[in-house]
Amino acid sequence: HDFTAPTFFAASRIAAEDRHMVRGGEVEVHPGMVHEIRLTAPAAPGRYKVKCTHTFHKLLGMSGTIIVR
């Protein structure tokens with residue numbers, strides 16, 4: 001699966017050694033894999049949409065929100 005959160009990633013500061021895992025605001029996670037991405041969240045509070053881009057996955061509930069307080 002993957003997830004996209006382009007607005008969140010654009011507003012965040014991603015650790016240099018982890019930037020290769022975020023391409024165009026998207027993270028691909030292959031079966032059985034785990035990715036840890038170190039970042040500093042945006043300074044301002046906000047809500048950022050997250051969704052899976054695979055066909056029909058969003059319709060099946062694979063979406064969410066990142067909340068920065």
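Where does Phe56 lie? Phe56 sits in the loop that runs between β5 (46–51) and β6 (63–68), where helices (H or I, at least four residues) and strands (E, at least two) are DSSP runs, numbered from the N terminus.

## Basis of the model

This is a predicted model, in which local features need pLDDT of at least 70 and side-chain atom pairs count only at pLDDT 80 or more, while totals for chains, interfaces and linings use all residues. Residues are numbered from 1 along each chain as its sequence is written, and side-chain values use heavy atoms, with hydrogens and water left out.

## The nonpolar surface patch

Phe56 counts as exposed because its relative accessibility is 57%; the classes are buried (under 20% relative accessible area), exposed (over 50%) and partly exposed (in between), with a 1.4 Å probe and protein chains only. Together with Leu59 and Leu60, Phe56 makes a nonpolar surface patch of about 420 Å². Patches are made of residues with over 30% relative accessible area and no salt bridge, with like charges joined within 9 Å and nonpolar side chains (Val, Leu, Ile, Met, Phe, Trp, Tyr) within 5 Å. Accessible areas come from the Shrake-Rupley method with a 1.4 Å probe, and for residues only the protein chains shown count as cover.

## The nonpolar core

The largest nonpolar core has 11 residues, namely Ala5, Phe8, Phe9, Ile14, Met21, Val22, Val27, Ile37, Tyr48, Val50 and Val68. α1 (6–11) and β5 each supply at least two residues of this core. Such a core is a set of buried Ala, Val, Leu, Ile, Met, Phe, Trp, Tyr and Cys residues joined through side-chain atoms within 4.5 Å. In soluble globular proteins, nonpolar side chains tend to be buried together.

When residues up to four places away in sequence are not counted, Phe8 is in contact (heavy atoms within 4.5 Å) with Leu39, Ala41, Pro42, Tyr48, Ile66 and Val68.

## Strands β5 and β6

β5 and β6 run antiparallel and are joined by 6 bridges, two strands being paired if DSSP finds at least two bridges between them. Gly46 has Val68 of β6 as its bridge partner. Gly46, Tyr48 and Val50 form the covered face of β5, whereas Arg47, Lys49 and Lys51 form its uncovered face.

Lys51, in strand β5, is partly exposed because its relative accessibility is 38%, and, not counting residues up to four places away in sequence, Lys51 touches Asp2, Phe3, Thr4, Lys58, Met62 and Ser63. Thr65 belongs to strand β6 and is partly exposed, with a relative accessible area of 42%. With residues up to four places away in sequence again left out, Thr65 touches Arg47 and Tyr48, and the C-alpha atoms of Thr65 and Lys51, 14 residues apart along the chain, are separated by 8.4 Å.

## The salt-bridge network

The structure holds 2 salt bridges, each a side-chain nitrogen of Lys or Arg within 4 Å of a carboxyl oxygen of Asp or Glu. In one of them, the side chains of Glu17 and Arg38 meet at 3.5 Å, N to O. This pair links distant parts of the chain, 21 residues apart, with Glu17 in the loop between β2 (13–14) and β3 (26–28) and Arg38 in the loop between β3 and β4 (39–40).

Asp18 and Arg38 also meet in a salt bridge, at 3.0 Å, N to O. Asp18 lies in the loop between β2 and β3 and Arg38 in the loop between β3 and β4, so the pair ties together parts that are 20 residues apart in sequence. Glu17, Asp18 and Arg38 are thus linked in a network of salt bridges, in which Asp18 is buried at 4% relative accessible area, whereas Glu17 is partly exposed at 48% and Arg38 is partly exposed at 41%.
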